Amino acid sequence: MPRPGFVLDVDRSTPPMLFWRGEGFSLEKLPADRSRVVYPAEPLPGLDDVDGHIRNALLNPVDMEPLPALLSPDMKLTICFDDASLSLPKMRRPDIRQRIIEAVLDHAAAAGVDDIHIIAALGLHRRMHDYELRHVLGDRIFDAFHPRGMLYQHDAEDPDNLAVIGETDEGEVLEINERVADSDLVVYANVNQVAMDGGWKSITTGFASYRCLANHHTPTHLQETKSLMGHRDHSALHKSIWRLGKVLRDNGPKIFQVETTINNDAFPDTFGFLNKREWEWSAKDRALYVATEKSLKRLPNRAKRKIFHSIEAPYELTSVQAGFTPSVHEITLDNVYAQHLVPVEGQTDILTMGIPFICPYNPEGTMNPILVMCMGLGYMFNMYRNKPLVREGGVIIMTHPTYREFNPVHHPSYIDFFDEVLADTTDPVVMAEKYERKYAEDEWYRHLYRTGNAYHGVHPFYAWYWGAHGQQHAGRVIIVGGDAPTVRRLGFTPASTMNDAFEIASDVVGRAPTITHLHVPSVLVADVR
Amino acid sequence: MEIPKRYLRAGQRVAGRAESTVRRAAAPLRATGFPYRAPNVPKGVEVPEEPPTLGADYDTEWARTPIARAARGVITEGPLRLLIAGLARPEVTGLDRLADLVELDDPPPAIFAPNHHSHIDTGLMIRSIPMCWRRELVVAAAADYFFDAHWKAALSALSLNAIPIDREVTGRKSSDMFRDLVADGHSLLIYPEGGRSPDGWGQDFKGGAAYLSSRTGAPVVPVFIDGTGAIFGKGMKRPKPGRTKVVFGAPLWPSADENTRRYNARIEAAVTRLGDEALTDYWTAAKRAARGTSPKLTGPDYNGWRRQWELGEHRKLGAAGLRRRQKRRWPDLD
């Protein structure tokens, strides 16, 4: 039986804690008697017969007819799937989406459905490379559908392929992919790695236009999103998405939602120490850690990224459910929380966290400074339910090299955002008013998004807004080990060592603050009471 | 080129002398007789027949001893692998369908059931089957072909871990042996067609794989091999290097309410679908399988030249069609 997550109080005998530092690690000693470490739960056991469970979910859906009863020969069937931003790291083949879509296609073949489109729900993310599509969908689906133009990726800037479904009471326009809107049935294959994924968000963001996403991807919405991983009522973003979902339910196509949850088993045995608690590291784990850490230090960033992005996670499926979107999503949330939730008593003065090599916006790419902010303040800070782990006005300390490197293919507008926008302001509200429209409507960025593998021109703004709540909540943000000028450009304070960071933090939280370390990997959501 | 007669005559002389020398040397032995020679059987006495040690009765136990396994490991990972890579250039797909079994700490034994066109199918399969099964793989080989002489039997057992099996009927003795082998953790490679294709098209599946799976509970992994018939098909004197494709299917388990015949039909249908998938694509094959219109492995029902003609067209679609164009030979009109 896997052990649940727990909170460890640090004393003098506690070993140093593992911190991610981008494409590397470090071990940091936390002050005794006033520090605690939140550890995630061990991976839940995976389902034994994955294909059997998927078949069962399709044949016994929640609040909907079985899939075969929804299929007919002359219908328009659209199968949608999450893009490469899920899962992180990418799961080893065969991906769950491949298994689901193959099972759906078997039913479609039996029903004689010919008009099938398979579309990646990109939103404003970059187009996936062919090898990524192959990884997610498998060679069989790719070889059968891609050459015929029946497998492609959503384009949020294609005016000829967008359709307005309707408007919410608050004036939010729902504009999505036309093929999805016109389909007789839409089947969506989700990977719900964290609680914010899935539900109505799948289609209303994955297939939305920029105009539609701009409804809720605003600094005000994100500042009022407390948190992304917690109760929906606490998230302005999710409330808006759920309003759009109701419009989709009433005026849009019939949707057969398939949601899946995976366990916490994120790293293969070669990085076995990452999945263990420090005091349980064997001699082999310790040797492996030292060898990895030392050799990574000597490698150029490019080589390190290559190593880390080649990791394929041995994730296992813990649940699969299908049917009517809201009903399915409630079951999914229960299953996600069963893996992630860790009860924590009270808030803390300082929250420490190591920022890893990856976030949802750099699969196969560079973790540029904006993404460091997004990952730290947007994702990891938001890994709570009820209340943030750190008190309002407290200090967040992150460890990451924060090098000033960008991937010009994936993140062209991020480069200009860093040089132009961040040089002027780090305030999301100001930048939204002053610069967002210019970047969103830039023809060159639009061209790169539509034809290359670039994120949409507005994407760095959204990445920045993602951290707006954390930025507003924290009294100071310190990055340990980061490139000092780059860290300052982000509006944060650089520090060389963890002790320096604690010293700097004492200006804000006093000489003997309480410290909480969010231990990653793996993923956890702190249920703060 | 004709050999000059004087060389032939010289060769005959040498051979004649050698024969007479051997004869003279053996003369004392002939004179010595029993026990140095086999005894004569007295008249009226019937000598009981020795139990047969060849064919289906060949004992292959020795081929699973540690020394034999080590030797086989060297053979299969060395020369056999090189031979297959050079001759067949295989492309292996569909292994992701076995991921659930491969990822287990102790993958259960499986029965691999491919179609069969050539002797190189076995080498190709041994090279393609995932390592977790390869080490413990035994190959069901026709008793009347591979085990009809001691040297052939020993070679087959050592290099391929072959086990003799009757082509026509899977007898109780064979099935008991396979059940014991599966219980010991061995996986099995068996060709349900019973032998190589005589004309390039497939043959109807015999029930051996289904029967053994029902008896042992091991899953059957359907496999389609494409292209080996054109490389070294039945009747070819020497191999012609080319390309091949090996497509693994999802494992099949016997259902409680299914007899061996229906289970066998299911295995054949799975291999047929994989064959369609190898020559077209996954979606076309899925639709045809659902409609029951997958092209049969056994080829068209008509006979004669049209059948052979269609085989040529069929091969163009597959891996064999990717063969480098042969240099044309023009007739000598002088």
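Leaving aside neighbours within four places in sequence, which residues is Ile478(A) in contact with? In this predicted model, local features need pLDDT of at least 70, side-chain atom pairs count only at pLDDT 80 or more, and totals for chains, interfaces and linings use all residues. Residues are numbered from 1 along each chain as its sequence is written, while chains are lettered from A and ligands numbered from 1 in the order in which they are written.

As for Ile478(A), the partners are Val395(A), Ile397(A), Phe492(A), Thr493(A), Ala495(A), Ala501(A), Ile504(A) and Ala505(A); contact here is C-beta atoms, placed from the backbone, lying within 7 Å. Ile478(A) also turns up among the residues with the most contacts inside the largest nonpolar core, which has 169 residues. Such a core is a set of buried Ala, Val, Leu, Ile, Met, Phe, Trp, Tyr and Cys residues joined through C-beta atoms within 7 Å, buried being 20 or more other C-beta atoms within 10 Å of a residue's own. Helix 13 of chain A (residues 369-380) supplies the largest share of this core, 9 residues; helices are DSSP runs of H or I, at least four residues, and strands are runs of E, at least two, numbered from the N terminus. A second, separate core of 65 residues includes Ile120(B) and Ala230(B).

Turning to chain B, there are 13 helices and 7 strands, and 39% of its 334 residues count as buried. Its C-alpha atoms fill a box of roughly 80 × 65 × 40 Å along the principal axes.

Where the chains meet, 14 residues come from chain A and 12 from chain B. Helix 12 of chain B gives 7 residues, the largest share of the chain B side.

Conventions:
A residue is buried if 20 or more other C-beta atoms lie within 10 Å of its own, exposed if 12 or fewer, and partly exposed in between; C-beta atoms are placed from the backbone. Two residues are in contact if their C-beta atoms, placed from the backbone, lie within 7 Å.
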